[in-house]
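Hi,

Here is the structure I promised to pass on. Have a look at it first, and then read my notes below.

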Amino acid sequence: MSSFLIAPSILSADFARLGEEVETVLAAGADVVHFDVMDNHYVPNLSFGAPICKALRDYGITAPIDVHLMVTPVDSMIEQFVTAGASMISFHPEASDHVDRSLQLIIEGGCQAGLVLNPATPLSVLEHTIHKLDYILLMSVNPGFGGQKFIEHTLTKIAKVKALVDASGRDIRIEVDGGINCDNIAAIAAAGADMFVAGSAIFNQPNYAEVISTIRRNLASL
Ligand code: DX5
Ligand code: ZN
């Protein structure tokens, strides 16, 4: 895998042809499948659950599946996604009654563990959790929908998280999610991110390989 990871959000894919869509976007150069789980409770939208993740595995998808849980309660969903073949699982600390326990469930399930920070979530949530994290997912929109506009203030936050990660001495990825496109991705990387979710920017174009190669070119220009 390259040092920059591109994770298309399948929220913007054609659900009627999901297996094929995932195969196509991976063949087009994506590294990771970003899997947005919405429950119409923690966020005002409903997407898909663990059976769809398992269906992708059964279909033959072997690439890492990055499960972004926007649900409450969290723990039963973690268990279901561990069984369904997730590779990475993240959740929002506001959605869990016991953040440390939820992280532990992910780790014991053999998946990479991540915490998701909403635009207004303070970084203090990392103080007693960073030692357990494999990645930090910074939301650059309010969660719930694809196709929203990137919140510029996230750039400052990414830089602050990067400083915390460097100080921790741990190998922690910084993933950014929401409103990422070919034009703003280099600035997001320059701020310190190394994993990029893109939904509408990829799936709303006819040629996924073209978008992903433009993204890679723009990242290489740093
Ligand atoms: C928003 C989701 C995102 C979203 C990204 O709640 O977590 O992953 O699908 O979509 P775009 O790239 O269209 O903003
Ligand atoms: Zn997401």
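Let me start with a pair of helices: α3 and α4 count as roughly parallel to each other, because angles under 35 degrees fall in that class and theirs is roughly 10°. Their axes come within 9 Å. Before you read on, please keep in mind that this is a predicted model.

Which residues make the α3–α4 contact? On the α3 side you'll find D75, I78 and E79, and they meet R101, S102, L105 and I106 of α4. Sorted by class, that contact has 3 nonpolar, 1 polar and 3 charged residues.

Helix α3 (residues 75–84) also packs with α2, again at an angle of about 10°, and here the axes are 8 Å apart. That makes α2 and α3 roughly parallel to each other too. From α2, the residues in the contact are A50, C53, K54 and R57, and from α3 they are Q80, F81 and A84. The class count for this one is 4 nonpolar, 1 polar and 2 charged residues.

Now for the sheet. It is an open one with 8 strands, paired in parallel, and the order reads β1-β8-β7-β6-β5-β4-β3-β2. β1 (5–8) and β2 are at the edges with a single partner strand each, so each has one side without a neighbour in the sheet. On average, neighbouring strands are turned by 20° against each other, ignoring direction. Helix α4 (residues 99–108) packs on this sheet, where it touches β4 (88–91) and β5 (112–117), and its direction makes about 145° with that of β5.

If you want one strand to click through, I'd take β6 (residues 135–139). Is β6 mostly covered or mostly open? Mostly covered: 5 of its 5 residues are buried.

- β5 and β6 run parallel and are joined by 4 bridges; L115 has I136 in β6 as its bridge partner.
- β6 and β7 run parallel as well, with 5 bridges between them; Y135 has R173 in β7 as its bridge partner.
- Further along, β7 (residues 173–177) and β8 (residues 195–198) are parallel and joined by 3 bridges; E175 stands opposite M195 in β8.

Last topic, the aromatics. The count comes to 5 aromatic pairs. In one of them, F35 and F48 sit 4.6 Å apart, centre to centre, with 55° between the planes, which is a tilted arrangement. F35 belongs to strand β2 (residues 33–38) and F48 to the loop between β2 and α2 (50–59), so this pair ties together parts that are 13 residues apart in sequence. Both of these phenylalanines, F35 and F48, are buried.

How are the rings of F203 and Y208 arranged? They are edge-to-face, because their planes are at 70° and angles over 60 degrees get that label. The ring centres are 5.1 Å apart, and F203 and Y208 are both buried.

There is also one aromatic cluster, formed by F15, F35, F48 and F81.

Cheers

Notes:
Residues numbered from 1 in each chain as written. Chains lettered and ligands numbered in written order. Predicted model: local features only at pLDDT ≥ 70, side-chain atom pairs only at ≥ 80, totals over all residues. Heavy atoms only, no water. Phe/Tyr/Trp six-rings, centres within 6.5 Å; stacked < 30°, edge-to-face > 60°. Helix = DSSP H or I, 4+ residues; strand = E, 2+ residues; numbered from the N terminus. Buried < 20%, exposed > 50% of the residue type's maximum accessible area, 1.4 Å probe, protein only. Axes fitted to C-alpha atoms, helices over the stretch in contact; angles between N-to-C directions. Parallel < 35°, antiparallel > 145°, perpendicular 65-115°, else oblique. Contact = heavy atoms within 4.5 Å. Nonpolar A, V, L, I, M, F, W, Y, C, P; charged D, E, K, R; others polar. Pairing = 2+ DSSP bridges.
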